[in-house]
Structure formats: structure tokens, C-alpha cells
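Subject: Structure handover

Hello,

Here is the structure I said I would pass on.

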Amino acid sequence: VGAQTLTATASSPAYFRLAVDSATGVGLHGYAIKVCQNALVAPGCGSGGATVAPWNAATVQLAGAAHQLYPLMKVPAAFAGRQITVGLYNPGTGSGTVTVRLVPPASGGTVAYPAWARMTTVSGMPAIQTSLLGDNRYHGKWVRLTVTLPPDYAGGQWQLAWDSTAAPATTALMTVTATLIGKPMQLLAG
């Protein structure tokens with residue numbers, strides 16, 4: 001989506017309509033709106049108006065079958081060799097036994113789960129067992145994972161796999177964040 005700047009006059013109030021299209025229909029995205037006066041020069045307010053930009057978080061509504069794959073994030077090849085912190089808030093709430101795991105694209109990548117997490121395997125892949133017989137161990141808590149992209153990473157879409165012994169309630173929500181770790185450095189030739 002990116003950022004947009006909307007112009008408004010400094011002397012009168014203005015109203016803006018925010019329309020958000022959901023390509024997948026499985027999540028809600030958070031947006032920030034910053035309104036500036038035309039006469040005021042401030043960071044992000046060079047020409048005034050309202051600036052709209054997406055946050056780095058999405059809320060996934062866990063509705064449907066007991067075994068689901070959700071599109072999580074598209075990471076381009078430009079990030080090969082980098083690491084990403086993925087945060088899961090309220091992961092895997094359910095009435096049965098629930099597991100949550102990240103599924104890398106065909107170009108690869110690894111996921112490091114916290115040492116304290118209750119782990120299991122699903123289809124031969126490590127997964128967090130977020131609920132055992134409905135105990136909802138991580139309900140209302142953050143679980144942070146580290147994604148490492150290989151040097152030859154070619155880009156692709158990561159997915160979130162949600163598996164349970166029972167379909168989730170239509171009111172079950174989980175928030176996901178993704179943040180690039182570190183900043184690239186440039187060495188200067190002397």
C-alpha cells in the first residue's frame with residue numbers, strides 16, 4: 001500500500017475517507033493517520049495534509065477449518081542473508097490441542113523458536129504447541145521467533161500454519177508483527 005499524502009487547507013477542517021481493501025480476506029491491517037497543517041513544516045509534514053501508512057502488524061482472524069495456512073509475509077530476495085523478528089500475540093487460542101508454525105517459501109529460510117516454548121512436530125516440522133487440551137498457554141502473551149534467510153534466498157511468501165483438533169471460534173484473533181533485525185552497514189574504501 002505504501003504512504004499517501006492528502007492535501008488540506010490550513011484554515012478549515014477537512015474530512016478524509018480511509019478505504020482499505022483486503023486481498024485475502026483473512027486479516028485486519030492497522031493504519032496510522034497523521035494530519036498536518038499546510039503552514040507547519042515537521043517530519044512527514046512537508047506539504048501538509050494527511051499521511052496514511054500501514055503499520056508492521058496484522059491481526060489474523062482464526063476462522064474456518066481445524067487445519068489452515070494463512071499468508072503471513074512476502075519477503076523479497078533483497079533481504080537475503082538477513083534476519084527478521086516475527087512476533088505472535090495470542091497465538092493458537094482454541095478449545096482443543098493447537099499448534100502454530102511458520103512455513104518458509106521454496107527458496108528456504110529457518111525459524112528459531114524460543115527455548116522456553118512448548119514444542120512439538122507437525123508434518124516433520126517444529127511447531128509451538130500453544131494449547132494442550134484447551135489450556136491456551138500463550139493466550140494474551142507475545143511469542144517472538146527469529147527468521148533467518150539464507151545468502152541465496154530468492155524471495156517468496158511465508159505462511160503461518162495453524163493446526164488443531166477442533167475448528168477455532170469465529171472470535172479468535174491473533175496479531176502478527178515482523179521487524180527486520182539490524183541495519184545494513186556500508187564500508188568505506190580508504
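Overall layout

Please keep in mind that this is a predicted model. The protein has zero helices and 12 strands, so by element its order from the N terminus is β-β-β-β-β-β-β-β-β-β-β-β. Of its 190 residues, 36% are buried. If you take the contacts with a separation of 6 or more, 77% of them are between residues 24 or more positions apart.

Thr99 is placed opposite Gln129 of strand 9. Gln129 has a relative accessibility of 15% and counts as buried. Apart from neighbours within four places in sequence, Gln129 contacts Thr97, Val98, Thr99, Arg118, Met119, Thr120 and Tyr138.

Nonpolar side chains in soluble globular proteins tend to be buried together. The largest nonpolar core here has 23 residues, and the members that touch the most others are Val86, Leu102, Val147 and Trp158. Two or more residues of this core come from each of strand 4, strand 5, strand 6, strand 10, strand 11 and strand 12 (173–180).

The aromatic pairs

Searching the whole structure gives two aromatic pairs. One is Tyr89 with Trp142, a tilted pair at 5.2 Å centre to centre and 50° between the planes. Tyr89 is in strand 5 (residues 83–89) and Trp142 in strand 10 (residues 142–148), so this pair links distant parts of the chain, 53 residues apart. Tyr89 is partly exposed at 31% relative accessibility, and Trp142 is partly exposed with a relative accessible area of 37%. Trp142 also has a charged residue at its ring: Arg144 lies over the face of Trp142, 4.5 Å from the ring centre.

The other pair is Trp116 with Tyr138, also tilted, at 5.9 Å centre to centre and 55° between the planes. This pair, too, links distant parts of the chain, with the partners 22 residues apart. Trp116 is in the loop between strand 7 (110–112) and strand 8, and Tyr138 is in the loop between strand 9 and strand 10. At 51% relative accessibility Trp116 counts as exposed, while Tyr138, at 4%, counts as buried. Tyr138 is also one of the contacts of Gln129.

A loop residue

Asp152 is located in the loop between strand 10 and strand 11 (156–164). Asp152 is exposed, with a relative accessible area of 62%, as the cut-off for exposed is over 50%. Between Asp152 and Ser107 there are 8.0 Å in space, C-alpha to C-alpha, and the two are 45 residues apart in sequence.

Regards

Technical notes: Residues are numbered from 1 along each chain as its sequence is written. This is a predicted model: local features need pLDDT of at least 70, side-chain atom pairs count only at pLDDT 80 or more; totals for chains, interfaces and linings use all residues. Side-chain values use heavy atoms; hydrogens and water are left out. Two strands pair if DSSP finds at least two bridges between them. Helices (H or I, at least four residues) and strands (E, at least two) are DSSP runs, numbered from the N terminus. Rings of Phe, Tyr and Trp (its six-membered ring) pair if their centres lie within 6.5 Å; planes under 30 degrees apart count as stacked, over 60 as edge-to-face and the rest as tilted. Buried means under 20% relative accessible area, exposed over 50%, partly exposed in between (1.4 Å probe, protein chains only). A charge sits over a ring if NZ of Lys or CZ of Arg is within 6 Å of the ring centre and within 35 degrees of the ring normal. A nonpolar core is a set of buried Ala, Val, Leu, Ile, Met, Phe, Trp, Tyr and Cys residues joined through side-chain atoms within 4.5 Å. Contact means heavy atoms within 4.5 Å.
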